[in-house]
Amino acid sequence: VLVWIASSGILWIFFHRHVTWLEAMMLGACVTPTDPVLVNSIIRGRFADTHVPAHLRTLISAESGANDGAALPLLTLPLLI
């Protein structure tokens, strides 16, 4: 949620002449979630097996799943407001 607020704030600061705060919140909700494809390249493969500990790979995978699940409510909230 903090990354969503920070992303929305940064987008609003740079584009406040073109978007409202609610639109910046919607854009922030789209930018915030961790991309599962990017996470897959970090947690799978020869490099990950050699250099990334198993507990850290599990934590990164769980964080990616939680972010994807949180994206819908964070996008829905500005739409409902």
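Predicted model: local features only at pLDDT ≥ 70, side-chain atom pairs only at ≥ 80, totals over all residues.
Start with the overall layout. The protein chain has five helices and zero strands. Read from the N terminus, the elements go α-α-α-α-α. Now the overall dimensions. The radius of gyration is 16 Å. For 81 residues the globule rule gives 12 Å, and the chain is well over that, so it is more spread out than a compact globule. The C-alpha trace spans about 50 × 25 × 20 Å along the principal axes. Buried residues account for 25% of the 81 residues. And the contacts? Take those between residues at least 6 apart in sequence: 52% of them join residues at least 24 apart.

Next, the helix pairs. Two packed helices are described by the angle between their axes and by the distance between those axes.

Pair one is α1 with α2. Helix α1 covers residues 2–15, and helix α2 covers residues 21–31. Their packing angle is about 125°, and the axes are 8 Å apart. Oblique is the word for this pair, because an angle counts as roughly antiparallel only over 145 degrees and as roughly perpendicular only from 65 to 115. The crossing of α1 and α2 is right-handed. Who meets whom? On the α1 side we have W4, I5, S7, S8, G9, L11 and W12. On the α2 side we have W21, A24, M25, L27, G28, A29 and V31. By class, the contact of α1 with α2 has ten nonpolar residues, four polar ones and no charged ones.

Stay with S7 for a moment. S7 sits in helix α1. Is S7 buried or exposed? Its relative accessibility is 16%, so S7 counts as buried. The cut-off for buried is under 20%. Leave out residues up to four places away in sequence, and S7 touches G28 and T32. G28 is one of the α2 residues in the contact with α1.

Pair two is α2 with α5. The angle here is about 170°, with the axes 9 Å apart. That makes α2 roughly antiparallel to α5. From α2, the contact takes L22, M25, M26, A29 and C30. From α5, it takes A71, L74, L75, P78 and L79. What about the classes? Note M25 and A29. Both are listed for α2 in its contact with α5, and both are listed for α2 in its contact with α1.

I81 lies in the segment after α5, which runs 54–80. I81 and L22 are 59 residues apart in sequence, yet their C-alpha atoms are 8.0 Å apart in space. I81 counts as exposed, because its relative accessibility is 63% and the cut-off for exposed is over 50%.

Helix α3 spans residues 36–43. It packs against α5 at an angle of about 175°, axes 10 Å apart. The two are therefore roughly antiparallel to each other. In α3, P36, V39, I42 and I43 make the contact. In α5, R57, I60, S61, S64 and D68 meet them. That contact divides into five nonpolar residues, two polar and two charged.

D68 is in helix α5. Its relative accessible area is 35%, so D68 is partly exposed. Which residues does D68 contact, leaving aside its neighbours within four places in sequence? P33, T34 and P36. Look at P33 there. D68 and P33 are 35 residues apart along the chain, and their C-alpha atoms are separated by 5.6 Å.

One more residue in α5: E63. E63 is partly exposed, with a relative accessible area of 37%. From E63 to T76 is 13 residues in sequence and 20 Å in space, C-alpha to C-alpha.

To recap the pairs. α1 and α2 are oblique to each other. α2 is roughly antiparallel to α5. α3 and α5 are roughly antiparallel too.

Technical notes:
Residues numbered from 1 in each chain as written. Heavy atoms only, no water. Axes fitted to C-alpha atoms, helices over the stretch in contact; angles between N-to-C directions. Helix = DSSP H or I, 4+ residues; strand = E, 2+ residues; numbered from the N terminus. Parallel < 35°, antiparallel > 145°, perpendicular 65-115°, else oblique. Left-handed = near helix turned anticlockwise from the far one by under 90°. Contact = heavy atoms within 4.5 Å. Nonpolar A, V, L, I, M, F, W, Y, C, P; charged D, E, K, R; others polar. Rg over C-alpha atoms; globule rule 2.2 N^0.38 Å. Buried < 20%, exposed > 50% of the residue type's maximum accessible area, 1.4 Å probe, protein only.
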